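Hi everyone, thanks for having me. Today I'd like to walk you through one protein model, going from the whole chain down to single residues.

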Amino acid sequence: MNHIISTESIYNDQAENWLRSEKILLSDYTARPIVLQELGSVTGQHLLDIGCGEGYVSRMILDAGAASVFGVDSSSEMISQAKSVAAELGLHKAIYEVSDAVTFNRYPRTQFDQVIAIFLFNYLTVKEMTQVMTNVKSLLSPNGIFIFTVPHPCLPFMRNQSPPFYFKFGDKNYFEGVDVTFEGRIWRRDGITVPVRCVHKTFTHYFEALQSAGFKKMPSIRELAVTEEHLTLDPEFFGPLKGYPLHLLFKVQANG
Ligand SMILES: C[S@@+](CC[C@H](N)C(=O)[O-])C[C@H]1O[C@@H](n2cnc3c(N)ncnc32)[C@H](O)[C@@H]1O
């Protein structure tokens, strides 16, 4: 994917704003806790975190009792943060590597119990996403589970460009925008914003890509949004998003 500013430079520049030890970004409230919930018990499990960023989710997984987490991310600064925090906290079961997830093939294990990709596919084209899903299928243990989250494909067309989360769809519509990059921003509760992007896909593309990758079972889907709990906690921050579908969470089993 050719961009004026590469995704690597965006994340290298923004690594400090992503570094966190507790919830701060909008999606730390609206998406990541649901991923943890859907993973269920991870005790003794080996997990793969693709597009792991600075390691926030992998640290929570280790905290929940996982045997190991291997994280891969294309941003050297995000991985550098992930490694230093893991070293500071003595998390020896977290291993991180800098690489493009599409071409990466030096996994430390041949099989993983669960694989996650939290807001990775919105940086990849349909073809690249299908390649990563194919890799994931081959890396999952027979009873393995794959969970991924992406921005809801309808959100850019439903909301104007205002805090605390938006994508600019320019002159494209829902169908014309496929594989086009929509630049966006997401807010932290302290007012700091970070740039995000969404290489647009329709709902259908996620199902087709899973099918091409060899997943035979229907995925389960959750359309994530702000909840009453969020609105009570911080009505000013979460209020503007009330009633909008923010993210999609897919959960699919390795074997059908
Ligand atoms: C929105 S951040 C999410 C990070 C992390 N999953 C989390 O939930 O905190 C997206 C991450 O995907 C990474 N990324 C984007 N394209 C990638 C690629 N082709 N290969 C590996 N990582 C990629 C970025 O560097 C960034 O760290």
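I'll start with the overall picture, then turn to the core, the ligand and a few separate spots.

A word on the ground rules: this is a predicted model, where local features need pLDDT of at least 70, side-chain atom pairs count only at pLDDT 80 or more, and totals for chains, interfaces and linings use all residues. Residues are numbered from 1 along each chain as its sequence is written, and side-chain values use heavy atoms, with hydrogens and water left out.

So, the whole chain. Its secondary structure comes to ten helices and ten strands; these are DSSP runs, numbered from the N terminus, with helices being H or I of at least four residues and strands being E of at least two. The radius of gyration is 17 Å, close to the 18 Å that the globule rule gives for 256 residues, so the chain is as compact as a globular protein of that length. That radius is taken over C-alpha atoms, and the rule is 2.2 Å times the number of residues to the power 0.38. Along its principal axes, the C-alpha trace spans about 45 × 40 × 40 Å.

How much of the chain is buried? Buried residues make up 54% of the 256, where buried means under 20% relative accessible area, exposed over 50%, and partly exposed in between, using a 1.4 Å probe and protein chains only.

Now the inside. The largest nonpolar core has 32 residues, and I50, F121, V132, M133, F146 and F148 touch the most other members. Such a core is a set of buried Ala, Val, Leu, Ile, Met, Phe, Trp, Tyr and Cys residues joined through side-chain atoms within 4.5 Å. Helix 6 gives the largest share of this core, five residues. Let's look at I50: beyond its neighbours within four places in sequence, I50 is in contact (heavy atoms within 4.5 Å) with residues including V72, A101, I118 and V132.

Next, the ligand. Which residues come nearest to the ligand? Of the 21 around it, they are R32, G51, D73, A101 and I118; a residue counts as near if one of its heavy atoms lies within 4 Å. Nitrogen atoms of the ligand sit 2.6 Å from a polar backbone atom of G51, 2.8 Å from a backbone N or O atom of A101, and 3.0 Å from a backbone N or O atom of I118. The protein covers 96% of the 600 Å² of accessible area that the ligand has on its own, with areas from the Shrake-Rupley method and a 1.4 Å probe; for residues, only the protein chains shown count as cover.

Let's move to helix 8, where H205 lies. Is H205 buried or exposed? H205 is buried, with a relative accessible area of 16%. Its side chain joins that of T202 in a polar contact of 2.8 Å. A polar contact is a pair of N or O atoms within 3.5 Å; within protein, one must be able to donate a hydrogen and the other to accept it, and residues adjacent in sequence count only if both atoms are side-chain atoms.

For contrast, S80 in helix 5 is partly exposed, at 38%.

Last stop, helix 4: six of its eight residues are buried, so it is largely enclosed by the rest of the structure. After helix 4 comes G65, whose phi is positive, near 105°.
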